[in-house]
Amino acid sequence: MTTTLVKKDGPAAVAPQPTVGSHVRTYLSRVRGGDIGALPAVLGLVVLCAFFAIQQPTFLTAGNFANLFTQGAAVALIAMGLVFVLLLGEIDLSAGFASGVCAAILANVATVRGYPWYVAVLAAIATGVAIGALLGVLVAKIGIPSFVVTLAGFLAFQGIVLMLMDEGANISIRDDTLVAIANRNLSPAIGWALAAVAVAGYAAVQLLRHRKRSARGLLTDPFAVVLARIGGLALILGLAVYILNLERSRNVLISSLKGVPIVVPIIAVLLVFWTFVLQRTSYGRHVYAVGGNTEAARRAGINVDRIRISVFVICSGMAAIGGIVAASRANSVDPNTGGSNVLLYAVGAAVIGGTSLFGGKGRVLDAVLGGAVVAVIDNGMGLMGYSSGRKFVVTGVVLLLAASVDAISRRRAAATGTR
Amino acid sequence: MSATPLLELRGIDKSFGPVQVLRDVALSAHAGEVTALVGDNGAGKSTLVKCISGIYPTDAGEFLFDGRPVSINSPRDAAALGIEVVYQDLALCDNLDIVQNMFLGREKRSGIVLDEPTMEQMAAETLAGLSIRTVKSLRQHVASLSGGQRQTVAIAKAVLWNSKLVILDEPTAALGVAQTAQVLELVRRLADNGLAVVLISHNMNDVFAVSDRIAALYLGQMVAQVKTADINHSQVVELITAGRSGNLGLPAEPGGNGTGAAPADTIPGAVR
């Protein structure tokens, strides 16, 4: 019995409370040991931004900054869902066209049948959930490798989009709310208010955790590090909101264009929500466990099949949301919505952000960081006037680079024993 | 040592199709004692453990837990009784830290949120109770631990759940000398803390170092269960390889030499 065991000498791990210095050193040794997390994505983002800013001054304008968000939103949202599937070491190749099917359903319900926007959104998400459940059952219960199941889905969903679109026609989205998702901005005041709420919320969570842990005598991150994190978030959010609140319209007399794009809070809310699910609930813990060692998870009494199905449901559900955003941005849905590069960009985003293709490692934030890298490449090269062909090649190379970083850091970690 | 064994098995039979793996097996494990379960490959040790832990149903026989007859039909039943198994291949997740592994599948929550401080504290207390001081931080990933440390975590995980009986399947098989000593010390401490421990091992040195009793399986039959003090090294080896040693074990085969009362060291061909 735990509680009646004789306590011999104090706590097992009598490590001193870490200082800022030791915290930094621990982090550095983790990086050296191959646990690099999102570091390549962040560095890549900085380098890419610097490069494009020098090559093409328009890259740094407020207008282009806002464009980056709306351009990258759909991919980042799909990538968020993919992180769950990748965490199990599975893959969902059908996520792109699943988002296309959901967008087609959205357009069909909203425009063709004339239902209100929320009915259309719910129908689209329900479609995504149903698709995910189907894929998940095929993978978990029948035991077909996810690569094959979702490759079949890739083809079949492409066909379904075509059928829903009457063999090639496109359906425009006219509903004001649906169009607003990717095309309108929050008023500057609301932008500031949301940023303040986000920072305050983050600060509250961090400080409460710090207090709770130190009250129990557990090891805590140094208080300075906690403050630095909060300050860092406040700085980044503040700067972003400030830039997005600048006037972006070429001619203010005709129309004013400023404020945080509406997709930004949508991404932020989903990011916080899924991060909470992965890091703070036992469901999330079980997802990591199944990805790390399926047999251990099974022996611990975790229903592995249910976890496996659920990640496909989450992935396709997020693909549906990505599809809605893509449809909103294009003001229409056509047979190629969710097609061409969408899926590869999304997988690329997740992997570039630091999610491992081998399972067990990754965060939802990775999808957003990786999505930012992909969006910056796409946007920057577009501004420099490169063709789509070159953009694809460069993005492909970056994806390959990210996957090699993943594989190499994994090998290094195995060698140094940190993972 | 208490009079009634914590776990007592009687007449356990288990067949896989035409192959009878366990034949009328009896085993008792006492609280505060380490019972070593020895036997050659294929003798039925792992099958017996899986029967106890509820993974395999038994064909016949009864289980007595604390003197009460019980039926164990699933791992959940076994866990509810306080039986925990530490498997040979560990069953830890490399990508999770020590606390996360110890509570895997049975996380403490407040509402829907994981209660990390409570879990960390309980894990620390359990490790302290077992005088485990070899791990640096409870928040390090299991991947960064040595084999001995991992085994330690796996054992601590089994102890965490108010378990009464801990079954260890070859806990030292993959370990070096120093780490083996560490783990054996821990095994001994479990028993000293009042748990019943069943230790499966191939290593006679380990068996004699920590066990209070030795139970020997030979081709699916329990040939002897004796106090470690009453038996020597070579007798155990004979029990494992031949099923009998002197007056211990199976009755002598008809036409064999003598009545089975011959001293162990006079049996020709005894393996040492």
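Which residue is the bridge partner of B:Phe63 in strand 5 of chain B? The partner is B:Val70. This is a predicted model.

**The open sheet of chain B**

- Four strands of chain B make an open sheet. Their order is 2-1-4-5, and the pairing is antiparallel.
- Strand 2 (19-29) and strand 5 (68-70) of chain B stand at the edges. Each has a single partner strand, so one side of each has no neighbour in the sheet.
- From one strand to the next, the twist averages 30°.
- In general, the strands of a sheet pair through backbone hydrogen bonds, in a parallel or an antiparallel way.

**Strands 4 and 5 of chain B**

- Strand 4 of chain B covers residues 60-65. It pairs with strand 5 of chain B in the antiparallel sense, over three bridges.
- The bridge between B:Phe63 and B:Val70 links B:Phe63 to strand 5 of chain B.
- The loop between strand 4 and strand 5 of chain B contains B:Asp66.
- B:Asp66 has a phi near 60°, a positive value in a residue other than glycine.
- B:Asp66 counts as partly exposed, with 15 C-beta neighbours inside 10 Å.

**Strands 1 and 2 of chain B**

- Strand 1 of chain B and strand 2 of chain B pair in the antiparallel sense over seven bridges.
- B:Ser15 has its bridge partner, B:Gln20, in strand 2 of chain B.
- The two strands form a hairpin, with two residues between them. In the turn, B:Gly17 has a positive phi of about 60°.
- B:Asp24 sits in strand 2 of chain B. Its phi is near 50°, a positive value in a residue other than glycine.
- B:Asp24 is partly exposed, with 14 other C-beta atoms within 10 Å.

**Helix 1 of chain B**

- What is the residue range of helix 1 of chain B, and which strands does the helix touch? Helix 1 spans residues 45-52 and packs on the sheet, touching strand 1 (7-16) and strand 2 of chain B.
- The direction of helix 1 of chain B makes about 65° with that of strand 2 of chain B.
- Seven of the eight residues of helix 1 of chain B are buried, so the helix is largely enclosed by the rest of the structure.
- Its buried residues include B:Lys45, B:Leu48, B:Val49 and B:Ile52.
- Just after helix 1 of chain B comes B:Gly54, with a positive phi of about 85°.

**Chain B as a whole**

- Chain B has eight helices and 14 strands.
- Its radius of gyration is 20 Å, close to the 19 Å that the globule rule gives for 272 residues, so chain B is as compact as a globular protein of that length.
- The C-alpha trace of chain B spans about 70 × 40 × 35 Å along its principal axes.
- Of the 272 residues in chain B, 51% are buried.
- Among contacts in chain B with a separation of 6 or more, 65% join residues 24 or more positions apart.

**The nonpolar core**

- The largest nonpolar core has 197 residues. A:Leu82, A:Leu106 and A:Ala346 have the most contacts inside it.
- Helix 3 (residues 62-87) of chain A gives the most to this core, with 16 residues.
- Beyond its neighbours within four places in sequence, A:Ala346 is in contact with several residues, including A:Val75, A:Ile78, A:Leu82 and A:Ala95.
- In soluble globular proteins, nonpolar side chains tend to be buried together.

- Helix 6 (residues 146-164) of chain A has 19 residues. From first C-alpha to last it reaches 25 Å, close to the 27 Å expected.
- The buried residues of helix 6 of chain A include A:Val149, A:Gly153, A:Phe157 and A:Val161.
- The buried residues of helix 6 of chain A pack against helix 4 (95-112) and helix 5 (117-142) of chain A.
- A:Cys49 lies in helix 2 (residues 39-55) of chain A. It is partly exposed, with 17 other C-beta atoms within 10 Å.
- A:Cys49 and A:Phe59 are 10 residues apart along the chain, and their C-alpha atoms are separated by 8.2 Å.

Note on methods
Residues numbered from 1 in each chain as written. Chains lettered and ligands numbered in written order. Predicted model: local features only at pLDDT ≥ 70, side-chain atom pairs only at ≥ 80, totals over all residues. Pairing = 2+ DSSP bridges. Axes fitted to C-alpha atoms, helices over the stretch in contact; angles between N-to-C directions. Contact = placed C-beta atoms within 7 Å. Rg over C-alpha atoms; globule rule 2.2 N^0.38 Å. Buried ≥ 20, exposed ≤ 12 C-beta atoms within 10 Å, placed from the backbone. Expected span 1.5 Å × (residues − 1). Core = buried A, V, L, I, M, F, W, Y, C linked by C-beta atoms within 7 Å.
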